[in-house]
Amino acid sequence: MRDVASTAQRVLPRNDPRQYDDLAGEWWRPDGAFAMLHWLAEARAALVPPARSPGAVLVDLGCGAGLLAPHLAGKGYRHVGVDLTRSALVQAAGHGVRVVQGDATAVPLPDGCADVVSAGELLEHVPDWPRAVAEACRLLRPGGLLVLDTLNDTALARLVAVRIAERLPTVPRGIHDPRLFVDARALVAECARHGVELRLRGIRPQVGGLLAWLVRRARGARTPGTPSTGRAPRIVPTRSTAVLYQGRGVRRG
């Protein structure tokens, strides 16, 4: 099994969007570079209730290759995905997502078009994250739901998400710029400015499941072609928002 280092074709600055083209073949590999995004997508989708009416729209900002789609199946939404990376959008369309190429800070969709807006693992990649928050809130109809997850702007998050995680064979080097991590209190205040009362909770991979997954992954790396077996690690709540956290809030009418 390949590791992430073998998939990247060039050395790029931290958080450079071109990394996603270089890693285009990794999106749907369960043990690949974006494995944790699958786990987070499942946890984020759990925050989304079934659609209340036919034709309800969920706008997925930073949708990537559409990893949220399998977890929304049967909930009744038209899933609209917005992303900058064309190679990812091609894959998202193949999973039933209606794709729009665009920037999360200037989304080419009308005001109030969405019943739900998802912004998963997006804000820590956006140099002007308050503008992305403003856009997410603009897209929501009154009573619409915002769900998100991101990395906190703390020393612990920088240690865990960059210095430790990027030493693992499945985490792309330079995928995050820690200068862009999002202060949780600032995010709550920014959402409030746009009419969304955001409630936060810390999240993390379940430790036993993560360790078992790492062992399976290591065994597969030693024996190329060996399929991964066993359930993916679950994302579980934790008291601390110091590293990774989820947010959920409703736009006031």
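A residue counts here as buried when its relative accessible area is under 20%, as exposed when that area is over 50%, and as partly exposed in between, using a 1.4 Å probe and protein chains only. By that scale Arg 138, at 22% relative accessibility, is partly exposed.

Before we set out, a word on the model. It is a predicted one, in which local features need pLDDT of at least 70 and side-chain atom pairs count only at pLDDT 80 or more, while totals for chains, interfaces and linings use all residues. Residues are numbered from 1 along each chain as its sequence is written, and side-chain values use heavy atoms, leaving out hydrogens and water.

Helices (H or I, at least four residues) and strands (E, at least two) are DSSP runs, numbered from the N terminus. Among the buried ones are Trp 129, Val 133, Glu 135 and Leu 139. What lies over them? The cover of the buried α6 residues includes the strands β1 (57-61), β4 (114-120), β5 (140-151), β6 (196-205) and β8 (244-251), along with helix α8 (184-193).

In soluble globular proteins, nonpolar side chains tend to be buried together. A nonpolar core is a set of buried Ala, Val, Leu, Ile, Met, Phe, Trp, Tyr and Cys residues joined through side-chain atoms within 4.5 Å. The largest such core in this model has 31 residues, and those with the most contacts inside it are Val 59, Leu 61, Leu 109, Val 117, Leu 123, Leu 146 and Leu 187. At least two residues of this core come from each of β1, β2 (78-83), β4, α6, β5, α8 and β6. Which element gives the most to this core? That is α6, with 6 residues. Apart from this core lies another, of 20 residues, with Ala 41, Ala 45, Val 116 and Val 147 among them.

Leaving aside neighbours within four places in sequence, Leu 187 is in contact (heavy atoms within 4.5 Å) with residues including Leu 123, Trp 129, Val 133, Leu 198 and Tyr 245.

Next, look at how two helices meet. Two packed helices are described by the angle between their axes and the distance between the axes. Axes are lines fitted to C-alpha atoms, for helices over the stretch in contact, and angles run from 0 to 180 degrees between N-to-C directions. For α6 and α8 the angle is about 40° and the axes are 9 Å apart. That makes α6 oblique to α8; angles under 35 degrees count as roughly parallel, over 145 as roughly antiparallel, 65 to 115 as roughly perpendicular and the rest as oblique. On the α6 side, Trp 129, Pro 130 and Val 133 meet Ala 186, Leu 187, Glu 190 and Cys 191 of α8.

A salt bridge is a side-chain nitrogen of Lys or Arg within 4 Å of a carboxyl oxygen of Asp or Glu, and the structure holds 13 of them. One joins the side chains of Asp 111 and Arg 138 (2.6 Å, N to O). Because Asp 111 lies in the loop between β3 (98-101) and β4 while Arg 138 is in helix α6, this pair ties together parts that are 27 residues apart in sequence. Asp 111 is exposed, at 57% relative accessibility.

A second salt bridge links Arg 131 and Glu 135 (3.3 Å, N to O). These two are 4 residues apart in α6, so about one helical turn separates them. Asp 111, Arg 131, Glu 135 and Arg 138 are linked in a network of salt bridges.

Finally, visit a few loops. Glu 121, in the loop between β4 and α6, has a phi near 50°, a positive value in a residue other than glycine. Asp 183 sits in the loop between α7 (155-164) and α8. Not counting residues up to four places away in sequence, Asp 183 touches Asn 152, Asp 153 and Tyr 245.
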